[in-house]
Every structure is written in C-alpha cells, then in structure tokens.
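Please keep the sequence and the three-dimensional view at hand while reading.

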Amino acid sequence: MTENAHQSAPCPPRPINVSGNLPIIHVVAAALVDSDGRVLIAQRPEGKAMAGLWEFPGGKVEAGEIPEMALRRELYEELGIDVCVSCMQPFSFASHSYDRFHLVMPLFVIRNWDGLVRPLEAAALKWVRPMRLGDYPMPAADLPLVSMLQDLL
Ligand SMILES: Nc1nc2c([nH]c(=O)n2[C@H]2C[C@H](O)[C@@H](COP(=O)(O)OP(=O)(O)OP(=O)(O)O)O2)c(=O)[nH]1
Ligand SMILES: [Mg+2]
C-alpha cells in the first residue's frame, strides 16, 4: 500500500464485467426538468428491448456524432423538441454491464427547449416528481442516476 492510500468503507458491489468480452454501446440521455421541478420519463414501446420500462429519453450515439449532437437528434426524433447544445448540462453517467453489452450513457440535465413534448416513439410520457421516480420500473443502469437526480432536484 502506498503511503497516501486512503482506507475507508469497502466499495459497494456494482454490476460491472471487467472481462473485456462485452461490446460497448454508447447511448446519450436527457433528464428534462420542467419549471415545477418534475422530470420527464418515457416508457419503452413494445417490440424494443426492455419494453415497458421507463427511461430517460435518448438513444444511441451514431458514428461521427458527439454526445450533444446525438442527443439533439434523438430528442427531436423521440419528442419533437429542439434543444440547443449549450442548454445541455452534463450531469453524470452510467457505466453498466448488462448480460450482452456494456452501456456507457452520459445523462444531461435540460431545463430549456423549444416545442411541446410529444410521445413520437414512446408508449407513454410522464412528468414525475424526483421523489416519485422510484414508482416507475427503470433499466438497472438508471438507478444510480435516479438517486443522484433526487439529490440535485
Ligand atoms: N434512451 C435510454 N436508453 C437507456 C436508458 N437506460 C438504459 O439502460 N438504456 C439502454 C436501453 C437500450 O439498450 C439502449 C438505448 O437504446 P434506444 O432504444 O433508446 O436507442 P435508440 O433510441 O437509438 O433506438 P433504436 O434506433 O436503436 O431503436 O440503452 C435510458 O435511461 N434511456
Ligand atoms: Mg431511444
């Protein structure tokens, strides 16, 4: 142990596969926050992986895109809103091993956008008080992000 190593409580278990055999999927997602402090969640539609779960709107980053451009595109496709990249506040990220892939997903907090949100791809949309987010089943990768949002909002 080096002299300045810090000993504290043991790290809590985290579902992480360090074998290097999982493909990495880069996704970007948004916590849209309205003037009342509620957060938008979207229900994944039938036919998609994790159908029925509630998630932060967003999607896969395509080749050549920076995360902000991918998020702008996804929010237009999924919700019909226009968000300028300078209104995207980097908040936190998920790094989570699912059985078949490893997800890396930055989450941006967004409080300003143009247009009214519409469920263009989701089965449903809901504005939820941060403390009620736990009432909605979400993908495992999102759970630490939900706790962090509850601390922020
Ligand atoms: N958008 C989003 N995806 C999430 C969240 N949590 C989580 O594990 N995921 C996973 C689910 C999917 O495996 C992947 C994102 O896929 P997606 O279905 O949203 O991607 P996409 O919008 O580009 O849709 P598609 O064109 O691939 O159908 O990330 C989340 O909060 N938001
Ligand atoms: Mg999506």
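Leu 40 stands opposite Trp 127, a residue of strand S7. The model is predicted, with an ipTM of 0.96 and a pTM of 0.93.

**The sheet with S2 and S7**

- Strands S2 and S7 run antiparallel and are joined by 5 bridges.
- The open sheet that holds them has 3 strands in the order S3-S2-S7, and its pairing is antiparallel.
- At the edges stand S3 and S7 (124–128); each has a single partner strand, so one side of each is left without a neighbour in the sheet.

**A residue between S2 and S3**

- Met 50 belongs to the loop that lies between strand S2 (39–43) and strand S3 (54–55).
- Although Met 50 is not a glycine, its phi is positive, at about 60 degrees.
- Is Met 50 buried, exposed or partly exposed? Met 50 is partly exposed, because 14 other C-beta atoms lie within 10 Å, and the partly exposed class falls between 12 or fewer for exposed and 20 or more for buried.

**The sheet with S1 and S4**

- Another open sheet is formed by 4 strands, with mixed pairing and the order S4-S1-S6-S5.
- S4 and strand S5 (88–97) take the edge positions of this sheet; since each has a single partner strand, one side of each is left without a neighbour there.
- From one strand to the next, the twist averages 20 degrees.
- S1 and S4 run antiparallel, and 3 bridges join them.
- Gly 59, in S4, is the bridge partner of Val 28.

**Helices packed on this sheet**

- Helix H1 (residues 67–79) packs on the sheet and touches S1, S4, S5 and strand S6 (102–110).
- The direction of H1 makes about 65 degrees with that of S1.
- Helix H2 (residues 143–152) also packs on the sheet, where it touches S1, S5 and S6.
- The direction of H2 makes about 150 degrees with that of S5.

**A residue of helix H1**

- Arg 72 lies in helix H1.
- Arg 72 counts as buried because it has 21 C-beta neighbours inside 10 Å, and the cut-off for a buried residue is 20 or more.
- When neighbours within four places in sequence are left aside, Arg 72 is in contact with Val 83 and Val 85.
- Between Arg 72 and Leu 153 there are 81 residues of separation in sequence and 23 Å in space, taken from C-alpha to C-alpha.

**The surroundings of ligand 1**

- Ligand 1 is surrounded by 15 residues, and the closest are Glu 55, Phe 56, Gly 59, Lys 60 and Pro 139.
- Two or more residues of this shell come from each of strand S1 (24–32) and strand S4 (58–60).
- Which element gives the most to the shell around ligand 1? With 3 residues, S4 gives the most.
- The shell is made up of 8 nonpolar, 2 polar and 5 charged residues.

**Confidence in the model**

- The mean pLDDT of the chain is 95.
- A pLDDT of 70 or more is reached by 97% of the residues.
- Where pLDDT is low, the predicted coordinates should not be read in detail.

Note on methods:
Residues are numbered from 1 along each chain as its sequence is written. Chains are lettered from A and ligands numbered from 1 in the order in which they are written. This is a predicted model: local features need pLDDT of at least 70, side-chain atom pairs count only at pLDDT 80 or more; totals for chains, interfaces and linings use all residues. A residue is near a molecule or strand if its C-beta atom, placed from the backbone, lies within 6 Å of it. Ala, Val, Leu, Ile, Met, Phe, Trp, Tyr, Cys and Pro count as nonpolar, Asp, Glu, Lys and Arg as charged, and the others, Gly among them, as polar. Two strands pair if DSSP finds at least two bridges between them. Axes are lines fitted to C-alpha atoms, for helices over the stretch in contact, and angles run from 0 to 180 degrees between N-to-C directions. Two residues are in contact if their C-beta atoms, placed from the backbone, lie within 7 Å. pLDDT is the predictor's confidence in each residue, from 0 to 100.
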